[in-house]
Amino acid sequence: MKVAVVGASGTIGKRIAEEAVRRGHEVTAVVRNPEKMQDFKDRMNVVRASAVDPDSIAEAVKGSDAVISAYGPRFGEEEELLEAARALLEGVRRGGVSRLLIVGGAGSLITDSGKALMDTPGFPGEFRTLAMAHGDAYGIYKESDMDWTYLSPAAIIEPGRRTGQFRIGTDRLITDESGDSRISAEDYAVAMIDELEDPQFTRARFTVAY
């Protein structure tokens, strides 16, 4: 497939783009700063665009079969997630693409207590604004008539190993026998490209964790 990855220079976006290339897909890396992708230009097409500018997104994703958004705001600019959600929906549609997969947040996943993860006592206060913005952006995608899929990570996502082994859920936080909720960025990317290739969660959210 031809897939455009918005935010492909970030920690998660880069791994998603690399996983897609690994499986033989034709990738367009849509980034704000193409110079950050110098090492990848021999494996993917790199174009400049902004996730909050629908005109540049429309131009960047033309000809793609699907778009994956791994956009993440800078610290202190979390509300830009909502602007990006609206711009991406408009830009992707205007670019002639009907399918959008989104790297989402874990904060709105429901815990065993019945509360959202971001409302539990142990949730880090410095990430609450970002978690709330992710939740609001998720609401924007849910109201869209586009073919969207929203992938929430585990509570903790960080660079690690690609194992290809993880559990899949929907709106509830997945934890292990110790109560931990983790996923490597590499395995998160595997789950995202699995969904790209074999859609199971059309117009729905899912989550992955060990």
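Across which strands does helix H3 lie? In this predicted model, where local features need pLDDT of at least 70, side-chain atom pairs count only at pLDDT 80 or more and totals for chains, interfaces and linings use all residues, H3 lies across strand E1 (2-6), strand E4 (66-69) and strand E5 (99-103), running at about 150 degrees to E5. Residues are numbered from 1 along each chain as its sequence is written, and side-chain values use heavy atoms, with hydrogens and water left out.

Helices (H or I, at least four residues) and strands (E, at least two) are DSSP runs numbered from the N terminus, contact means heavy atoms within 4.5 Å, and angles, from 0 to 180 degrees, are taken between N-to-C directions of axes fitted to C-alpha atoms, for helices over the stretch in contact. The strands E3-E2-E1-E4-E5-E6-E10-E8 form, in that order, an open sheet of eight strands with mixed pairing, where two strands pair if DSSP finds at least two bridges between them. Strand E3 (45-48) and strand E8 (167-169) each have a single partner strand, so one side of each lacks a neighbour in the sheet. Within the sheet, strand E6 (residues 147-152) pairs with E10 in the parallel sense over four bridges, and Thr149 stands opposite Ala204 in E10.

The axes of H3 (residues 80-94) and helix H4 (residues 128-142) come within 8 Å and cross at roughly 25 degrees. That makes the two helices roughly parallel, a term for angles under 35 degrees. Their contact residues divide into 10 nonpolar, one polar and two charged, with Ala, Val, Leu, Ile, Met, Phe, Trp, Tyr, Cys and Pro counted as nonpolar, Asp, Glu, Lys and Arg as charged, and the others, Gly among them, as polar.

Notes:
Angles under 35 degrees count as roughly parallel, over 145 as roughly antiparallel, 65 to 115 as roughly perpendicular and the rest as oblique.
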